[in-house]
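These are my notebook entries on one structure. I set down what I looked up, entry by entry.

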Amino acid sequence: MLQNTGKLAGCTLFITGASRGIGKAIALKAARDGANIVIAAKTAEPHPKLPGTIYTAAQEVEAAGGKALPCIVDIRDEKQVGEAVKKAVEMFGGIDILVNNASAINLTGTLDTPMKKVDLMLGVNMRGTYMTSKLVIPHLLKSRSPHILNLSPPLNLNPVWFKNHTAYTMAKYGMSMCVLGMAEEFRGQIAVNALWPKTAIQTAAMDMLGGEEVGKQCRTSDIMADAAYAILSQPKDYTGHFVVDEDILREQGIQDFEQYAVQPGHPLLPDFFLDEAPEVLAQQMEQHGATPAFKSSSSTTPPSSGPIESTFDVIRGVINDDLVKSTQGIYQFDLSGEHVGVWFLDLKSGSGSAGPGQPSIKADVIMTMDSKDFSKMFAGKLKPTMAFMSGKLRIKGDMTLALKLEKLMGRMYKAHL
């Protein structure tokens, strides 16, 4: 871990989304220096699925050695943000650092993304970051060591990062464009930088996206906290950088990155947006069991023989009443590539069934992928969570049922053996 140096002692950090995850980790890192932390987040009451509130986070900050000001803030609400900024200045005498961490995510395609979700992502990620920065900057200009740090990726225009979730990419890149513009606008006055993880980070959001099994493919939020600390310890002329956590920590002399792994030694899931060129992306994806080419699906009926039919022969052989009872879901697989076609797996009706074509009842989950990766997935060589987070598996429908597929495939594969 990166050692604290005391450089943030007495500094006031305004951190959005600091009640849990990466935001809270950054808050605790700074608190160990004796920093003042404004916890600007929505969660005031315990959430049934998400850990922590602004008040529990404040307790942890103070236990770590810092001072805390918990503020109920929806960063889409200009009045709430303004009031939190005012309280921070009144309590701590100013603001030195803004960390724009709050973010919303929905990884769906254009036709499957409701406008309510689009508005949420644009409102939190892009507008919220811009507005919070706008309201805090007058106070940063009075600071001796002013920083804005956005948790957002490098501006990678490879279309692969737009194709499957255009709205999310637009919203997240909006945060990055704030860095690009404000770094120049306030050069010499405020350091404005972005930070992004090289690998997936274990957070409540990641658990919801990838299920329980995704955790061991992640690093902890400590690596992002250490990287943020390294950036925020720099002078204000360190600006306009799109920093990757592992890169800056190597510059700081960190060599052992296994200490950040949730499960040391386990292969890590690469994060989005970091390919330097399509061929580099392809290499990364293949190393992690994914397919570098994204192809459109087809609704044609598949041929009656071949590897996919063979796979479904096995699936039909292991379907039983217990499997149907425990699953209660209907899956549709839209396969592209060498073996184009649509297949279904009904684990909801009667004694269950599987085969070519669309199910007789509307599918609860539709999964779109390359046919060779469907075979890999069933054979236990590619986990659905890995495929989904790598961007090569698209999911439409009930995410809970989709996440059941990983255990379901494992049970079927073992039964087949």
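Is Phe374 buried or exposed? I find Phe374 buried, because its relative accessible area is 0%; buried means under 20% relative accessible area, exposed over 50%, and partly exposed in between (1.4 Å probe, protein chains only).

**Entry: basis.** I am working with a predicted model, in which local features need pLDDT of at least 70 and side-chain atom pairs count only at pLDDT 80 or more, whereas totals for chains, interfaces and linings use all residues. Residues are numbered from 1 along each chain as its sequence is written, and side-chain values use heavy atoms, with hydrogens and water left out.

**Entry: confidence.** I looked up pLDDT, the predictor's confidence in each residue, from 0 to 100. The protein has a mean of 86, and 88% of its residues reach 70 or more. Over residues 276-304 the pLDDT is below 50, although this stretch has 59 contacts in the model beyond near neighbours in sequence; contact means heavy atoms within 4.5 Å. Where pLDDT is low, the predicted coordinates should not be read in detail.

**Entry: the sheet.** I traced an open sheet of five strands with mixed pairing, in the order β10-β9-β8-β11-β12. Two strands pair if DSSP finds at least two bridges between them. Helices (H or I, at least four residues) and strands (E, at least two) are DSSP runs, numbered from the N terminus. The edges are β10 (353-356) and β12 (394-397); each has a single partner strand, so one side of each lacks a neighbour in the sheet. On average, neighbouring strands of this sheet are turned by 15° against each other, direction ignored. Axes are lines fitted to C-alpha atoms, for helices over the stretch in contact, and angles run from 0 to 180 degrees between N-to-C directions.

I then followed β11 (residues 365-370), which pairs with β12 in the antiparallel sense over four bridges. Val365 has Gly397 of β12 as its bridge partner. Helix α13 (residues 371-378) packs on the sheet, where it touches β8 (329-336) and β11, and its direction makes about 110° with that of β11.

**Entry: aromatic pairs.** Rings of Phe, Tyr and Trp (its six-membered ring) pair if their centres lie within 6.5 Å; planes under 30 degrees apart count as stacked, over 60 as edge-to-face and the rest as tilted. By this rule I count 13 aromatic pairs. Tyr173 and Phe273 form a tilted pair, 5.2 Å centre to centre with 55° between the planes. Tyr173 lies in helix α6 (residues 166-185) and Phe273 in the loop between α9 (245-251) and α10 (278-287), so the pair ties together parts 100 residues apart in sequence. Both residues, Tyr173 and Phe273, are buried.

I next looked up Phe312 and Phe374, whose ring centres are 5.5 Å apart with planes at 5°, so the pair is stacked. Because Phe312 lies in helix α11 (residues 307-318) and Phe374 in helix α13, the pair ties together parts 62 residues apart in sequence. Phe312 counts as buried, at 0% relative accessibility.

**Entry: Asp313.** Asp313 is also found in helix α11. I note Asp313 as partly exposed, with a relative accessible area of 42%.

**Entry: Lys198.** I located Lys198 in the loop between β6 (191-196) and α7 (204-210). Lys198 is partly exposed, at 37% relative accessibility. Leaving aside neighbours within four places in sequence, Lys198 has contacts that include Val244, Asp245 and Glu246.
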